[in-house]
Amino acid sequence: MLEARQTMDAPTTTSAGNGTSGDADGGGWFTPRTSPPLPGGDQEPDGNRLAGLRPVGRSQEPPTGVRHHREGAARERIQTGAGLPPSTPLSPPPAPDHGTEHSVFEPRVPDEPAGQTAPPSPDAVLIRRTMAEVGPVADKVTSYFYALLFVQHPELRSMFPPAMDAQRDRLLKALLTAAEHVDNTPVLVDYLQSLGRGHRKYGTQAEHYPAVGECLIGALSRYAKGIWDEETEAAWVRTYTTISQVMIDAAAADELRSPPWWLAEVVSHDLRTADTAILTVRPNQPYPFLAGQYTSLETPWWPRIWRHYSFASAPRSDGLLSFHVKAISAGWVSNSLVHRARPGDVLRLGPPAGAMTVDHSSDSGLLCLGGGTGIAPIKAIVEDVAEHGRHRPVEVFYGARTGQDLYDLDTLLRLQQSNSWLEVRPVVDKHGLLQLPDAIRDHGPWNGYDAYLSGPPGMIRSGVDALKAAGISADRIRHDSVEELVAAGD
């Protein structure tokens, strides 16, 4: 169900790998250089088991216009209450963590814009009151939730990674995030639809949703006893039913267009530094994506452990995909990709995600800040602009801690030589005296530019501040999620 990167994707709290999951010899769902198979807990704990939560199913619709129909229906099902009107401007879409492994998934629901004064719906009031009640004991709620799930529905255990220490809270976090934003209709629908599509790669089926809903209610009712009543339970049932149906519909629509995941063979592995590699892979079937997006990736050595990486090139005529990977301490997936993967190994890819893409109908200049391996989507965006032939000005600031860490500078400089509209400016951190965001203050002006940021969370935060100070409005600054990146190590 909801993306946590294991069975469900969600905003991350902590995800550093510790080497306790999977088989050290490379075993798992398939042996390297072969193809993986399709994805597939006595006393009942106390707490309220919600027997009345009815299964929700997939409605059957013809392929023509299915997405438009389902998205419209989803917005009707969401309780609007005091929801945002579709024209309400939203903060920049959240994005993956560049410079480490991308552990924050596709969409984090942004906060409602400043000035939103309409009162919340009655269900939202009850949902948020529950959230406030269980917040101080979130760890206990999470543990109890999974105890219920795996005891009452042991068949679901295989959908999660063997080691749950770093992954166990993500499903619950996603459920609670969606429930908390029940009034933010336009953004919430996009969030849920993306989650529904992304969770197809975990083998999630419509019949799994009621089981999760029962256990969610059971855990909440146990730890929110002080405020839990029939009215609160009814609000959660309504909210969860809406959430799950939107996700199921999105998955059903996506099933008509694309597979749940792609196999991708490594065709080249270029070790640029001691801990940074560029991987090029060949998907087993066409993989549609846009420059600036990212994907989830699973290796044969760590089954059911998915990490997120940006595409390092624009779509190519030969169908090949490239990724920049930096191995980090205790990083399960990143270390495998940098130090273990070789040509011939087979990876799995989830669907593309992310909104840090270029509007080619605009003539605005592009100001791009890439830190570390965050330069990957920036390079893809530059290639994308070149292929469209608009010759709009593009300024790239490429930051790193040392000159050696500017591992792909030569590629960018070659692009600069062949495109007069492109300016590449390397920025090396001089003992903390010169930071990448600060460098933009020495150039400009940036009026009329759209800004793109990709890199470590601290760089994105300070970069957004610097761009705003330079006169670029928030609605022209694009990046992916940074809120949960600080703790996202792997």
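Me: Where is Ala-330 found?
Reply: Ala-330 is found in the loop between E5 and H8. Those labels come from DSSP runs numbered from the N terminus: helices (H or I) have at least four residues and strands (E) at least two. Before going on, note that this is a predicted model, in which local features need pLDDT of at least 70 and side-chain atom pairs count only at pLDDT 80 or more, while totals for chains, interfaces and linings use all residues. Residues are numbered from 1 along each chain as its sequence is written, and side-chain values use heavy atoms, with hydrogens and water left out.

Me: What is the phi of Ala-330?
Reply: First the general idea: most residues other than glycine have a negative phi. Ala-330 has a phi near 60°, a positive value in a residue other than glycine. Arg-304 has a positive phi too, near 65°, and lies in the loop between E3 and E4.

Me: Are Ala-330 and Arg-304 buried or exposed, or partly exposed?
Reply: Buried means under 20% relative accessible area, exposed means over 50%, and partly exposed is in between (1.4 Å probe, protein chains only). Ala-330 has a relative accessible area of 40%, so it is partly exposed. Arg-304 also counts as partly exposed, because its relative accessibility is 26%.

Me: How many residues of helix H8 are buried?
Reply: In H8 (residues 332–339), 6 of the 8 residues are buried, so this helix is largely enclosed by the rest of the structure. They are Trp-332, Val-333, Ser-334, Ser-336, Leu-337 and Val-338. These buried residues pack against E1, E2, E3 (294–298), E4 (306–310), E5 (321–326) and E6; contact here means heavy atoms within 4.5 Å.

Me: In what order do those strands sit in their sheet?
Reply: In general, strands of a sheet pair through backbone hydrogen bonds, either parallel or antiparallel. Two strands count as paired if DSSP finds at least two bridges between them. Here 6 strands form an open sheet in the order E4-E3-E6-E1-E2-E5, with antiparallel pairing. E4 and E5 are at the edges with a single partner strand each, so one side of each has no neighbour in the sheet. On average, neighbouring strands of this sheet are turned by 40° against each other, direction ignored.

Me: Which strands pair with E1?
Reply: E1 (residues 262–273) pairs with E6 (residues 346–349) in the antiparallel sense over 4 bridges, and Trp-262 has Leu-349 as its bridge partner in E6. E1 also pairs with E2 (residues 276–283), again antiparallel, over 8 bridges. E1 and E2 form a hairpin with 2 residues between them. Thr-273 has Thr-276 as its bridge partner in E2, while Ala-264 stands opposite Pro-283.

Me: What is the order of the sheet of 5 strands?
Reply: That open sheet has the order E9-E8-E7-E10-E11, and its pairing is parallel. E9 (422–428) and E11 (477–478) are the edge strands, each pairing on one side only. E7 (residues 365–371) and E8 are joined by 6 bridges; Cys-368 has Val-396 in E8 as its bridge partner, and Gly-370 stands opposite Tyr-398. In E8 (residues 394–400), 7 of the 7 residues are buried, so this strand is largely enclosed by the rest of the structure.

Me: Which residues touch the most others in the largest nonpolar core?
Reply: In soluble globular proteins, nonpolar side chains tend to be buried together. A nonpolar core is a set of buried Ala, Val, Leu, Ile, Met, Phe, Trp, Tyr and Cys residues joined through side-chain atoms within 4.5 Å. The largest one has 38 residues, and Phe-145, Leu-149, Tyr-191, Leu-192, Leu-220 and Trp-236 touch the most other members. Helices giving two or more residues to this core include H2 (122–134), H6 (208–223) and H7 (230–255). H6 gives the most, with 8 residues. Apart from this core lies another, of 25 residues, including Val-266, Trp-301, Leu-321 and Trp-332.

Methods:
Axes fitted to C-alpha atoms, helices over the stretch in contact; angles between N-to-C directions.
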